[in-house]
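Student: Can we go through this model together? I'd like to know where the words come from, not just hear them.

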Amino acid sequence: MQVIETMLGRLGSRLTLHFLPREHQIRLSPLGKFYDRPWNLRLGVRLTNPDGAGSKLYLLPLGELADGNEAYFQEVEQKLASTEVTFRGRQREVGLEVKFKFIAPFYPKNEKLCTAPFFYLDVQLLKGPPNRKIELVAELQGGDVGTADFADDTILGATLHSDYQMQPDHWGGQPTDRLSLKTFRAPLLFGLVQPSQEATLERDKGVQIKCELETTTVRLLLATYTDAPILDVRGKPYRFKYTEFFQNIEEVVKYAIDEESFIRQRCELFDTLFRDNSLGKSGRDLLSFAFQSYLPNTWWAVSLANPHDDWFSVWEGNCIFHSTVDVEYNLAWVYLMLWPQLLEKTLTQWRHYVQNTPEGAIMSHDIGVLLGANKQQYPHPMEVEENANFILLTYALWRYTGREAVLQDNLETITRLVRYILNSDTTGNGFPNRGVANTIDDASPAVQFGREQVYLAVKALAACWAVRLMLRSHPDHEMQILAAECQTRAELINYTLNTEGWLDDHYAVTLDRHTDGLVNPWNYQPLPPGPLLGWDAYSLYTANGLLYLLATDPDAKNLPPANYERLKSDLQTAVAHSLTEYGCTHTSYDQSNLWVSQNLWRDIIAGQLGLDVGQMLDRYWAFQQYENSQGRGGCFVDTYGSNWLHYYPRGITAIGLWYGLSGLKLDRQAGQISFAPVQLPLRVPLPTFADWENGLIPWVNFKLDCNLVNTEFENQHLLDGLEIITS
């Protein structure tokens, strides 16, 4: 594929390697994106004539050229995997071809492997001219060079030190913690693993390593370490999770080398999830690219006062809010499939940020910004939406894991949040008409904060129905009353939706058609009176709130009240009326911006409803390639239009397509799983059921055989105990 901007990161450990080939640089930091700075990575191969004359250095476009005896490779290709970025440099006229592979290890549920702050770098000579000396040159410039070689003779390298601080023009607000404006300093080690006798190390403007390059792979390592406080959580200092496993950078390097074979084998197994599915080349590249933008946004830390006090959160890309509820609502598929405990940690943390109002409790939009997780920093709340998101995420995790503790731990919060939703309707038709500002904050007023929105009404319906399902068997009489009230509200919303919201072939955006009395939540100013433009448009968001309920109901006995034929028609007509080159805009009227992650979410819902909306992945991947080769850049960019949500984690929502396209519905509470694929043939992994400790992952394959869908499993024993329902 063409060379584009992307980045590699470590789970929660913030070590980020940001590739910027257009700028001929990388950005690098032990504290990750927005605390990173430019570095000069001069990585290439020097060819020298046998007589020692006429040498030429060919480099990847990740550093600056020094003189006329240096050039960039004539051709550079790039290949992505979930844990890898590989560059292949060619110089055809001299017969030179070299592969450079950067590896960021990841393996689900292995905390030490995932958080260890290091990268591997493999360099392999694929083709070289005869009778020429071929030498690898690997040089990192940009910091103060350490005064001593690394102590362990298994690696030839040295440390560099530099200062890192928030880019002053990035965040316009006022940080509310003492760490965000601090300057941090941490070492970076750059070294050659198990060097040969011919390898040399030089320290001048940086760390330069040279060695003869043969057909065997040369292995390098980039590592860091800091035990300084890096996060302020409710006024208490936290440091990186990896400090539980490593006391210093030497221990990080020792682990990376001693456990290298195991780590690489595990990464290769994990990469098969992204490589061996049948989503097509565009889909596989998009998934890997999105995962690479998700990991650098993660934070995993422990309290200095209590090492058992664990913290996990995810920055909202360039918005740098911690664990934005509506963003996590979308990308939570990565937890449900790979690491449910991380979602459980997130729910636990969110409970500390609930706010009380006269109408009931509301969930904060986020739980902090920059290096502080102390309170919501977004300018206004999103009461109904975030309350519903918390409820639906709790419900999904409960059904997916079968863990009663998930429900019990969150029950008190759920009952308080749903009370606000019940009180958000003041007209008696069931539709929320207050607390209705939502996450679609670059859209028109009708979509973003219109009263009686269909999107929020359906999400409120789903949340009420989920509470009804969670409480219906509760022994407490008050809980049963609340469950009945939630059921009644869901039925009322459905009635109003279909009597007042249906417009022949689609649902309206809002029931309210006028701006009279409508207040902009950004400035609290009323809109000029008049018609509410776009109220009757075709919308991307109608069925958004139903997904987790659809995906956890294998026998269709607990479906919320809805007209599903109309929902299917609404989804299909909205695609037809709002489709652009890169996906669908918010509505057919409001074409100001397009959100890729919300298109992906719609595609997953379509699969759960038995629909296939077509080869949309080609459009989404074409947009990412455009943005990161000649557009604005920013790795995963979620928005096409005036908005620019970049370095964004929400692209990993795409992982949900494995289950969406296969129609997978799972309820571990009932011990059931069902499949109804909307594409044939189809091959997808089932990582929710993987035995990660023993390296076993189940897969499902669907194909058409004599007009019947033939379903075949690999490692089916990992689904033992579940009743399997196939269509």
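Student: What makes E34 and E35 a hairpin, and how many residues lie between them?

Tutor: Keep in mind that this is a predicted model. E34 and E35 form a hairpin with two residues between them.

Student: On to helices. Why are H15 and H16 called roughly antiparallel?

Tutor: H15 covers residues 596-608 and H16 covers residues 617-627, and they pack at an angle of about 165°, with their axes 11 Å apart. Angles over 145 degrees count as roughly antiparallel, and H15 and H16 are therefore given that name. Their crossing is left-handed.

Student: Which residues meet where H15 packs on H16?

Tutor: From H15 you have Val596, Asn599, Leu600, Arg602 and Asp603, and they meet Leu617, Tyr620, Phe623 and Gln624 in H16. Sorted by class, that contact has five nonpolar, two polar and two charged residues.

Student: What is the angle between H9 and H11, and what makes H9 oblique to H11?

Tutor: H9 (residues 404-423) and H11 (residues 454-471) pack at about 140°, with their axes 11 Å apart. That angle makes H9 oblique to H11, because roughly antiparallel needs an angle over 145 degrees and roughly perpendicular means 65 to 115. H9 passes H11 in a left-handed crossing.

Student: What classes of residue meet between H9 and H11?

Tutor: The contact has twelve nonpolar residues, one polar and no charged ones. On the H9 side are Leu407, Leu411, Ile414, Thr415, Val418, Ile421 and Leu422, and they meet Ala460, Ala463, Cys464, Val467, Met470 and Leu471 in H11.

Student: Which strands form the sheet that includes E7 and E12, and in what order?

Tutor: Eight strands form an open sheet in the order E7-E8-E9-E10-E17-E14-E13-E12, and the pairing is antiparallel. E7 (75-81) and E12 (144-145) stand at the edges with a single partner strand each, so one side of each is left without a neighbour in the sheet. H2, residues 249-258, packs on the sheet and touches E10 (118-127), E13 (155-164), E14 and E17. The direction of H2 makes about 145° with that of E17.

Student: How do you know that E14 and E17 pair?

Tutor: E14 (residues 184-193) and E17 (residues 218-224) pair in the antiparallel sense over five bridges, and at least two are needed. Leu189 stands opposite Ala223 in E17.

Student: How many bridges link E7 to E8, and what joins the two strands?

Tutor: Seven bridges, and E8 spans residues 84-91. E7 is joined to E8 by a hairpin through two residues. Glu75 has Arg90 in E8 as its bridge partner.

Student: Last one: how do you know that the chain agrees with a compact globule?

Tutor: For 727 residues, a compact globule would have a radius of gyration near 27 Å, and the chain has 27 Å, so the two agree. The C-alpha atoms fill a box of roughly 90 × 65 × 50 Å along the principal axes. Inside the chain there are 17 helices and 36 strands.

Notes. Residues are numbered from 1 along each chain as its sequence is written. This is a predicted model: local features need pLDDT of at least 70, side-chain atom pairs count only at pLDDT 80 or more; totals for chains, interfaces and linings use all residues. Side-chain values use heavy atoms; hydrogens and water are left out. Helices (H or I, at least four residues) and strands (E, at least two) are DSSP runs, numbered from the N terminus. Axes are lines fitted to C-alpha atoms, for helices over the stretch in contact, and angles run from 0 to 180 degrees between N-to-C directions. Angles under 35 degrees count as roughly parallel, over 145 as roughly antiparallel, 65 to 115 as roughly perpendicular and the rest as oblique. A crossing is left-handed if the near helix is turned anticlockwise from the far one by less than a right angle, and right-handed if clockwise. Contact means heavy atoms within 4.5 Å. Ala, Val, Leu, Ile, Met, Phe, Trp, Tyr, Cys and Pro count as nonpolar, Asp, Glu, Lys and Arg as charged, and the others, Gly among them, as polar. The radius of gyration is taken over C-alpha atoms; the globule rule is 2.2 Å times the number of residues to the power 0.38.
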